[in-house]
Structure formats: structure tokens, C-alpha cells
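Here is a friendly walk through one structure, with its metal sites and charged side chains in view. Have a look at the model first, then read on.

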Amino acid sequence: MNRDNEFKEILKNRLTEKRYIHSLNVADSAKKLARLYGYDEEIAYTAGLIHDCCKDTPAGLQLSYMLENGVELSEYELGVAKLYHSICGSVFVKKEFGIDNQDIINAVRYHTTGRKNMSLLEKIIFIADFISDERDYNGVEIMREKAVKSLDEAIVEGLSFTIKDLIDQGRIIHPDTLDAYNDAMMKILNTGDNK
Ligand code: DGI
Ligand code: FE
Ligand code: FE
């Protein structure tokens, strides 16, 4: 049973219009990537649709929701409010949407940082978030080209951008972000041309 319409009604009320449109676009991108890379298209669509379900909730409320639900935040997470929505979202989709597919839960959980050994769905959602239709940052066309060529190459491209930006802004880089970068880079180097 596909519950996307039910989720859409809830998300429309939880998210700003801009974020809701982003969610629909990420769902569409995820579905296309799923077709290309051989993953269940319906599951990818649903994961994309709900990935930012907590993004417009105030950080304090996200934090109390996570703590009430027994989430233990690492020192790198507790002080970085931008990372709350993916962790909070993974609890929310399980508890409030009744999602029991662990791959979907993990795709929401790791969509901001990535991590080592991401599943195919985790990679699809991570990249779909970078290339959704409304994205117009410098370099988005390169990301869209890489996304259809190799998910690992797209991950390296996207995380290079994110990590450089975080350094320029003097922000904390989560260990999962660095792990995701190194892991994807290792995969590219092992199958590609050794320098
Ligand atoms: O929720 P979206 O805006 O669609 O996208 P997202 O969940 O990928 O969040 C992107 C933001 O998260 C962007 O401002 C960079 C930030 N971010 C990603 N990884 C890290 C991070 N911020 C910190 N401080 N550390 C990270 O490792
Ligand atoms: Fe997000
Ligand atoms: Fe997003």
C-alpha cells in the first residue's frame, strides 16, 4: 500500500511551501536515480518525500523530541543544530509515519552527513537532495552529470563542496561526513586510474 498521499498532506502542514516543493523534487530525483541504478522506485520516492520532515521544526523542539525518544547525540551532533533534522527525522518517520523499512529510516538519518558504507538507497537520497529540480547553486550541472555517471563520484563531488564550505565558514565537520568522503573516494580510486 502506497501512503505517499497521506504523507504529503502531513508534510504540507509541517513544512514551508519552499521546503515542501523541495521534498517533492527530491522524491522525483530519487525515483529517477532508483530506475537508473536498479532500486525500488516507489521506496526511493517515499524516502525522498519524507527526508526533510523535521527541517522546519525549531531546533529546541527537535532536541526535546530526540531526547524524549532516547536518542543519544554525540558531541559533534549536540552542538550542531543543522544536523538535528536528519536524526530527528529518522525517529519521526518511524514513530509518527509508522515507517518500518530500516533502509528508509537510515536514508533519512544519514541524508545530511552521509556515512561510511552507505546503502544504495542512502546514496540515492543523499545525491537526490543535491540535484533536485529547484537547486541552482554554482556547480549543480556538474553534480547532475556525475549523478547519472557514478553515485560515488557524485558523493565525492558533493562532499568536496560541502566540506570546503564548512571549512571556509569555520564550522564543525561531523566524522560521518569525513567517513563518507573517504569511503566514496576509496571506491573511485580502487576501480579507477591509480595516480
Ligand atoms: O536539508 P537540506 O537543506 O535539503 O540539505 P541537508 O540536509 O544536506 O543540509 C545541508 C546543510 O547541512 C548545509 O548547510 C551544510 C550542513 N552540513 C552538512 N554536513 C555537515 C553540515 N554542517 C556541519 N556543521 N557539519 C557537517 O558535517
Ligand atoms: Fe536535509
Ligand atoms: Fe533536503
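How many salt bridges does the count come to, by the rule of a side-chain nitrogen of Lys or Arg within 4 Å of a carboxyl oxygen of Asp or Glu? The count comes to 12 salt bridges.

## About the model

This is a predicted model, in which local features need pLDDT of at least 70 and side-chain atom pairs count only at pLDDT 80 or more, while totals for chains, interfaces and linings use all residues. Residues are numbered from 1 along each chain as its sequence is written, chains are lettered from A and ligands numbered from 1 in the order in which they are written, and side-chain values use heavy atoms, with hydrogens and water left out.

Donors here are N, O and S atoms within 2.8 Å of the metal (3.2 Å for Na, K and Ca); water is not among the atoms, so sites may look incomplete. Asp52 lies in the loop between helix 3 (41–50) and helix 4 (59–68) and His85 in helix 6 (residues 84–95), so the pair ties together parts 33 residues apart in sequence. Helices are DSSP runs (H or I, at least four residues), numbered from the N terminus.

The iron ion (ligand 3) has His22 (NE2), His51 (NE2), Asp52 (OD) and Asp129 (OD) as its protein donors, lying 2.2 to 2.3 Å from it. Asp52 and Asp129, the latter in helix 8, tie together parts that are 77 residues apart in sequence. Both of these aspartates are buried, where buried means under 20% relative accessible area, exposed over 50% and partly exposed in between (1.4 Å probe, protein chains only). Asp52 bridges the two iron ions, ligand 3 and ligand 2, which lie 3.6 Å apart.

## Salt bridges

Asp52 also forms a salt bridge with Arg19, with the closest N and O atoms 3.0 Å apart. This pair links distant parts of the chain, as Arg19 sits in helix 2 (residues 17–37), 33 residues from Asp52.

Lys187 and Asp183 meet in another salt bridge, at 2.9 Å from N to O. Both lie in helix 11 (residues 175–191), 4 residues apart, or about one turn of the helix. Lys187 counts as partly exposed because its relative accessibility is 29%, whereas Asp183 is buried at 12%.

Definitions and conventions: Helix = DSSP H or I, 4+ residues; strand = E, 2+ residues; numbered from the N terminus.
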